[in-house]
Amino acid sequence: MHRKIAVAVSALLFALLAVAVTLVATMHDRSYPEQLSTKSIVNLDFASAGMDDAAAIHELGALSDRLDLGLVKVAPDLGGDQTGQVYVKVGKEGSFPERIRRFGNDQDATVRTQDALAHSYASGEYLITGSTAGVAEFRSWLGEHRVISKWSENNLAGTLRLVMKQGSFATSLLAATALMVSLVLYWLSVKARGRALRALAGVSGWRIQYEDLTGFLVAVLLGAIGVDVLAVVWTGISQGWTFVPKYLSILVTFDVIVLIATMAFAVVMSAASWPGPAMLARREPAVKSLRKVSMVLKGLTFVLVLAAVAPAFTAYTNARGSAEQQSHWKALADQVTISFQGGMGEKGFEQILKQVGDVVNDAEKKDAVALSYTWDDEALKDVDLGKFETLAVLSPGWLRLMNKGATGETPGLTPLPAAEIPAGAKQYLSGNLGLWTRDKSAGDAALRKVSFYHFAQSGTMPLASGGGGELIFPKDAIVMFVPNLHDTFNDDFLASAASSRNLVFTGLGQTQALIAAHGLQRETTVRYAAEEGVLLAQFTAWFAWLQAVSLIALTIALVVSSLIAAFITAVLRAKRDFPLRLAGQQWREILADRVIVEWCVGIGLAAMIILLRRGDGALLIAAAAVLGLLAAPVTHLLATRWTFENVSRRRL
């Protein structure tokens, strides 16, 4: 019976581990697509390279073909709900499937040719799917051209790093190990009397240890192998047999880690309860030597729970908030920017300023242009903005993009009275507006021509950072609202804003037509504004889901831990509890002593953890402690009643 219990409990624990491995495999395939045979990931930044995007992509394609790198650029699918991805061949060589299947619930991805990068920026995430023999030369080329690169390898170390970055996964692994140690304690406890009798009969202590530990290992392996076979078959049927090798390698790695840790604890605990006849001679319970270990193990498990809950919940809420913020990138999915040829120089740039201004004027008449420019901390380092975080200029088009379906001229904003505008902001703007405005008005006269607002609700209005166009999310900002861009700003300002991705235009074809109508097709290229941003939005949304699932998995692991701990206690105390119940005592009387002790120790441990964390997450820790302590009587009652029934039927 005890062997069956050990097999069943280990199977349950390894089933939880298989669920965690499924999440890890999902995370791994999203980073390293299995059906593309991804070897490495490299993030490239061409900001310091001084290369035109088209030229950079052409060079990468040539390198990929010559070195057989199989270089593929990761890009979002800007159609539909913008949750899908596409993989674009950078070179012309190599054979790829038209579609690839993704592990988990992600939709299938398409593979496109190099032509799909015609309106993309060169910077971004690339996959190496071919030979790695030319990687050293590729790295050298990147260094020579001042391309900033960040590498990540698809190997066991890389997989473990992915796992360790997720605190909840690491905690789940520790929880699984703690549960297995609880199983070790149970095994040694039920074997304790037999070990002592065998020692009394003259059997060598070393032989007893070997046979007991071997029996335990066999029971655990039976549970693990049974679960792993089912998990692998389920993965092959539901996800595709292509994913089975990688899934199995991750599953076996995690199993081995847990088994090694478990057997190490088993050896230590078995040595601590070395079998001998002395205990029988002293008429002491055979499991007496394990009681202290049991108490310590319960305490460690409870501490692990409380220490993990607050960080895991905080990580989930942060990921969810970040996902909500970055989802605004999807509003820019159909927006494009104007990229200027790198070789035109300052003189060539000045020659096309009027044409750029005319493009903005025509686009504005069609409500097809938006401006968001937020000055960075460096520009505002000596400017006193009072209670506001930053200073920005917005156009009506930007408000429409960020507030889909909203009504009114300035959705998301509320007027900022002149008396409440910080003097530092007024001084900064009045001194610079003369350089930016078309009529060259400056000082107070220029300030009277624009309207000032701030956020109607804290942190609800995404802004674009000046000089890069990345979305930022201040809690509140001074907003200079400009209803007509071309009438307000001169061509120099508009062209500069366009070159820094702070001006976005609606529609690829529509913007290309405007560019051609004003003779700028040779000097400029139209590129998608939100490719990297939509990828970031996809990742943050997926990461928030991952944190939620891992938090649920951790909760399940902790519930199972409580049940197993209560079950072990019930089995060990069955000889006491059984006659008391037969004598007519109520369950609450039988369980009162162990529950009260757990409550007292639990309250003390919870207080200790709150003090060690200096109050950080105190409410979450207290709530988890209260729930755990309230669950203690329930788990003990269930476990003790089950044990009583099985002892009554002579099954235990």
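Residues are numbered from 1 along each chain as its sequence is written, and side-chain values rest on heavy atoms, with hydrogens and water left out. Because the model is predicted, local features require pLDDT of at least 70 and side-chain atom pairs count only at pLDDT 80 or more, whereas totals for chains, interfaces and linings use all residues.

Helices (H or I, at least four residues) and strands (E, at least two) are DSSP runs, numbered from the N terminus; two strands are taken to pair if DSSP finds at least two bridges between them. Strand β1 (residues 40-45) runs antiparallel to strand β6 (residues 124-128), to which five bridges join it. In this pairing, L44 stands opposite G124 of β6. Strand β1 also pairs with strand β7 (residues 148-153), again in the antiparallel sense, over six bridges. Here the bridge partner of D45 is I148 in β7.

Most residues other than glycine have a negative phi. Relative accessible area was computed with a 1.4 Å probe on protein chains only, with buried meaning under 20%, exposed over 50% and partly exposed in between. D367 counts as exposed because its relative accessibility is 53%.

A positive phi of about 70° is also found at R501, likewise not a glycine. R501 occupies the loop between α16 (491-499) and β16 (503-506). With a relative accessible area of 31%, R501 is partly exposed.
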